[in-house]
Amino acid sequence: MRNNSSKKGTKTSAFGSPGRINHDSTPFYKSRLYEGLQKEEQIKYIENPILPEFLDRIFCKTSENMEELPDNSVHLMITSPPYNVGKEYDENLTLEEYREFLKSIWKEIKRVLVPGGRACINIANLGRKPYIPIHAFIIEDMLNLGFLMRGEIIWNKASSGSPSTAWGSWLSAINPTLRDIHEYILIFSKGKFSRQNPYNRKSTISKGEFLEFTKSVWTFPAEIATKVGHPAPFPVELPYRLIQLYTFEGEFVLDPFMGSGQTAIAAIKTRRHYIGYEINEEYVKIAEKRIKDFYLTFNAPKLFKFEEEKKL
């Protein structure tokens, strides 16, 4: 007689669980460890349309007021905010002023995301005397705004061509300094962890991509700033992975700090619509040229209109 015990689901135990077959983690999430933490909301899924004239555009303005976007209209937000460290596009803000500025953007992000929509923030920490854990402050602020945290990805940049040599006291315990070869990608949801797909849109992620992109450590090189024309670009690979993992074909991807257009190019590559905001007119021009060049070089198809898709 065949033993069917392997088909039974696993449960969280005092000693952990080696498997994850139909795993029942209810005892864990009902433990006191989770008391007082942000819970999922019982909210109805709403998806409001964005006017066609606002799709696949970069607006040269601050994203503190994204009046072009209705409530509950964007499926995914991906961005890397300015670092406030004296780059040409930064302002010289105190840490508290910087956090308040970012919070004004995060509030708008929460407004425009659909229920269950995801917000992905790429950030590096700063300094050494003392070290400033920017990622920890962003997590705190996002949780205080009511976002649910899904996890964090460590972007390992060790394969990049120019690793830091700021190692402090060479071969001495006087003051050795850690050399950052990583950045964070913080993942949040609005209201719920799961997201509905009422229009039965197509998932475009492959099995191999899914297995790789669901790992919590990603390894690929950083982008060369002089090549892109922006002082702090992330590579197209970064938004590409997030778009494949967290959206369906034809959906809306927002970048409130669009910079040189990396998120837009990844959206086009995956047949999603993009909406971007960027206050620097020169960067808007660079992004628009790069987007145009991407269409021409890779013969990327112009996306169908979203309203037409919804009628299919």
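A residue is called buried when its relative accessible area is under 20%, exposed when over 50%, and partly exposed in between, using a 1.4 Å probe and protein chains only. Helices here are DSSP runs of H or I with at least four residues, and strands are runs of E with at least two, numbered from the N terminus.

Good morning. The model is predicted, so local features need pLDDT of at least 70 and side-chain atom pairs count only at pLDDT 80 or more, while totals for chains, interfaces and linings use all residues. Residues are numbered from 1 along each chain as its sequence is written, and side-chain values use heavy atoms, with hydrogens and water left out.

I begin with helix 6. Nine of the 10 residues of this helix, residues 237-246, are buried, so the helix is largely enclosed by the rest of the structure. Among the buried residues are Leu238, Pro239, Tyr240 and Arg241.

I turn now to salt bridges. A salt bridge is a side-chain nitrogen of Lys or Arg within 4 Å of a carboxyl oxygen of Asp or Glu. By this rule there are 18 salt bridges.

Which residues pair with Lys61? Lys61 forms a salt bridge with Glu67 at 3.5 Å, and another joins Lys61 to Glu68 at 3.2 Å. Lys61 is partly exposed, at 23%; Glu67 is exposed, at 59%; and Glu68 is buried, at 12%.

In helix 2, Glu100 and Lys103 are three residues apart, so about one helical turn separates them. Their closest N and O atoms lie 2.8 Å apart in a salt bridge, and Glu100 is partly exposed, at 44%.

Finally, a network of salt bridges links Glu47, Arg195, Arg201 and Glu251.
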